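Reader: I've just opened this one and I'd like to learn how to read it. Could you walk me through a few features?

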Amino acid sequence: MPDPSAVQAALATQHIETPSWAYGNSGTRFKVFAQPGVPRDPWEKLADAAQVHAVTGVAPTVALHIPWDKVDDYGALAKYAEEQGVALGAVNANVFQDDDYMLGSVTNADPAVRRKAIGHLLECVDIMDATGSRDLKLWFADGTNYPGQDDIRERQDRLAEGLAEVYERLGDGQRMLLEYKFFEPAFYATDVPDWGTAYAHCLKLGDKAQVVVDTGHHAPGTNIEFIVATLLREGKLGGFDFNSRFYADDDLMVGAADPFQLFRIMYEVVRGGGYGPDVAFMLDQCHNIEAKIPAIIRSVMNVQEATAKALLVDREALAVAQREGDVLEANAVLMDAYNTDVRPLLAEVREEMGLDPDPIAAYRRSGWQQQIAIERVGGTQAGWGA
């Protein structure tokens, strides 16, 4: 059986990055519902993120999205984050919201549009230099809606050329994380539709290029844990965007749709040596009808619970059953860990960290929600419209 003290120590060192945009107004393409106290700028987003870290102890960094989080002085933003008790994390590029990108960004047939898109990606690396961020996270909405609309192979060539230019700009200790999505907004041929395409580009680029697995970016029934195991085996898993899906890219709270799948993924991470700083655990979610900060706290807790169960798998007993071909026993070993109530264990971990064992209750008692609802009146709430 795993050493309980080792499991507790591992859980205390977990690092889950929260996304700045999840603190703002976001939702579906049909409607975004505003809520009282929503941040109006990146500074207020960081203040909210600090509340999440204060009650969980494992969310010390905040991912930025440019231009949603654009400021005049990124050094000052990084200093403010530090004063709040957090730090700036991955820088996410946005080459999908300008009208120029209707037919694609880095894969666009128009060289002027490609130049604009690559310029933005290079700007994001400049921001990384100013903030001390390690990861540049790239997701492209590029693709086509109709057969014959554009040349599929040429679009891959343009993508490779653009990625190579940005890759060369990366400094020491910086990485490029390439995300994939099998459809939407492109419906016929998405330019980075799956892990294989992302892996092929990253492999050609070099060691600083890694694949990001967004848990909501897969077709129904996809064995995501197989993808995770394979990328870990190849040394190409750079991180996760954690969320849940029922139908498409729903961006619901991680673990809400299928907590068993999240456990299976986390087991492969632990088994494959990915539980550490080289694999970034990031949330990428929209909170349309639920309160933002409590939803993010709950999401962090969901990842913690799946991780705790994965760490509790009796890997020695599992290996014996697998070698002996004992199908039922092997499955039972996994299920025993999954069915373990790890909430008391995590409560003990938090207490040892000097935290309240119940992060949600601690946040409610803080009065932060009531405070920001009163103070954040006027101005324009952060969000992406709709």
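Reader: Let's start with a helix. What should the 20 residues of helix α9 span at 1.5 Å a residue?

Author: Keep in mind that this is a predicted model. Helix α9 covers residues 292-311, and at 1.5 Å a residue it should span 28 Å; the C-alpha atoms at its ends are 29 Å apart, so the two agree.

Reader: And how many of the residues of α9 are buried?

Author: Here's the general idea to start with. An α-helix has 3.6 residues a turn, so residues three or four places apart point the same way. As for α9, it is mostly covered, with 18 of its 20 residues buried.

Reader: Zooming out, how many helices and strands are there in the protein?

Author: You'll find 14 helices and 10 strands. The radius of gyration is 21 Å, close to the 21 Å that the globule rule gives for 386 residues, so the protein is as compact as a globular protein of that length. The C-alpha trace spans about 60 × 60 × 40 Å along its principal axes.

Reader: What share of the residues is buried?

Author: Buried residues are 53% of the 386. Contacts are worth a look too: of those between residues at least 6 apart in sequence, 78% join residues at least 24 apart.

Reader: Now the backbone. Which peptide bond into proline 67 do we have here, cis or trans?

Author: In general, most peptide bonds are trans. The bond from isoleucine 66 to proline 67 is cis, with omega near 15°. Proline 67 sits in the loop between β2 (61-65) and α3 (74-84).

Reader: What about the bond from glutamate 184 to proline 185?

Author: That peptide bond is cis as well, with omega near 5°. Proline 185 is in the loop between β6 (175-179) and β7 (189-190), and glutamate 184 is placed in the loop between β6 and β7 too.

Reader: Where does aspartate 251 lie?

Author: Look in the loop between β9 (237-242) and α8 (259-271). Aspartate 251 has a phi near 55°, a positive value in a residue other than glycine. Its relative accessibility is 12%, so aspartate 251 counts as buried.

Notes. Residues are numbered from 1 along each chain as its sequence is written. This is a predicted model: local features need pLDDT of at least 70, side-chain atom pairs count only at pLDDT 80 or more; totals for chains, interfaces and linings use all residues. Side-chain values use heavy atoms; hydrogens and water are left out. Helices (H or I, at least four residues) and strands (E, at least two) are DSSP runs, numbered from the N terminus. The radius of gyration is taken over C-alpha atoms; the globule rule is 2.2 Å times the number of residues to the power 0.38. Buried means under 20% relative accessible area, exposed over 50%, partly exposed in between (1.4 Å probe, protein chains only). Contact means heavy atoms within 4.5 Å. The expected span of a helix is 1.5 Å times one less than its number of residues.
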